[in-house]
Amino acid sequence: MRFEGTASYVADKDLMVAVNAAIALQRPLLVKGEPGTGKTELARQVASALNLDLMEWNVKSTTRAQQGLYEYDAVSRLRDSQLGDDRFNDIKNYIKPGKLWEAFTAGRKIVLLIDEIDKADIEFPNDLLQELDRMEFYVYETGETIRAVERPIVIITSNNEKELPDAFLRRCFFHYIRFPEIETLQKIVDVHYPGIKQDLVRAALTQFYELRDMPGLKKKPSTSEALDWIRLLVADDIKPEDLRGDTKNALPRLHGALLKNEQDVHLFERLAFMARRQG
């Protein structure tokens, strides 16, 4: 069982090595990188390439680790006992399995994505240490132990919003997705927009990387934003010659796809104003 990329996802050699190493070691793969570099999509493509089902656990700031195991609805059980409902006699009626429970009992090998783990509380990763390591957990209300029938391929993503505990990192295989070089990004564009005019792509990517390298940018545009921008350029039938020029002197065409806060827009406006004065 080896991941070698897919026709719709450009994965470099180091990323494929990381995925296959995590599979061989039977450890979670922790993937970090800038937002929009394809971390979440990686899990979907691994599942597609290996012909496995994908289960996604999207972590939020309010997510607790216990929710990934199970939740016990004691309030509903108390209400049913007061109403004389027969459901009260079986406590399992009030236990809702979480994503880890579902992944462990799927009966087949699957890919489990724990997406954006760094959004949750700092204790969240620590609370999952034993469960991800042993692939089992205990249900106190019923006295049963839930064990993985087939050990899932676990892929965990992080945008580096907060540091993860050392004990958690020790149990993972780590890979950082670097922002692609211009040649790699051109391959990604070709995958998403086959047949696109190459002169437009070259002009657009040249301007895109000039923009990313601009000192003082609060948020550098990501791979996904580059794809959105190029899609808009094609839709508006922008000519390559209309893009060429010094990005320091003016806002890029359709800049709303690339610049996502007023600070960066004002930066370009100030540079354009200064260039006009010097001119």
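Leaving aside neighbours within four places in sequence, L132 is in contact (heavy atoms within 4.5 Å) with L100, I114, R151, V154, I156 and F168. The model is a predicted one, in which local features need pLDDT of at least 70 and side-chain atom pairs count only at pLDDT 80 or more, while totals for chains, interfaces and linings use all residues. Residues are numbered from 1 along each chain as its sequence is written, and side-chain values use heavy atoms, with hydrogens and water left out.

L132 is among the residues with the most contacts inside the largest nonpolar core, a group that also includes L100, I114, F124, F137, I156 and F168. This core has 30 residues, a nonpolar core being a set of buried Ala, Val, Leu, Ile, Met, Phe, Trp, Tyr and Cys residues joined through side-chain atoms within 4.5 Å; buried means under 20% relative accessible area, exposed over 50%, and partly exposed in between, with a 1.4 Å probe and protein chains only. At least two residues of the core come from each of β2, α3, α5 (99-104), β5, α7, β6 and β8, where helices (H or I, at least four residues) and strands (E, at least two) are DSSP runs numbered from the N terminus. The most is given by α5, with four residues. A second, separate core of 28 residues includes F179, A226, I238 and L258. In soluble globular proteins, nonpolar side chains tend to be buried together.

Helix α2 (residues 39-49) has K39, T40, L42, A43, Q45, V46 and A47 buried. The cover over these buried residues includes α1 (13-25), β1 (29-33), β2 (53-58), β5 (110-115), β8 (153-158) and β9 (173-177). After α2 comes N51, whose phi is positive, near 60°.

The largest pocket has a volume of about 740 Å³. On a 1 Å grid over the protein atoms alone, a cavity is a set of points where a 1.4 Å probe fits but cannot get out, whereas a pocket is an open set with protein on both sides within 12 Å along at least five of seven lines, and lining residues have an atom within 4 Å of a point. Of the 33 residues that line the largest pocket, Y9, T37, G38, I177 and I188 are the closest to its centre. Helix α2 gives the most to this lining, with five residues.

The second largest pocket, with a volume of about 180 Å³, is lined by residues including Q66, L69, R134 and F137. Elements that give two or more residues to its lining are α3 (65-69), α7 (129-134) and β6 (136-139).

How values were computed: Grid points are joined across faces, edges and corners, and a volume is the space filled by probe spheres set on the points.
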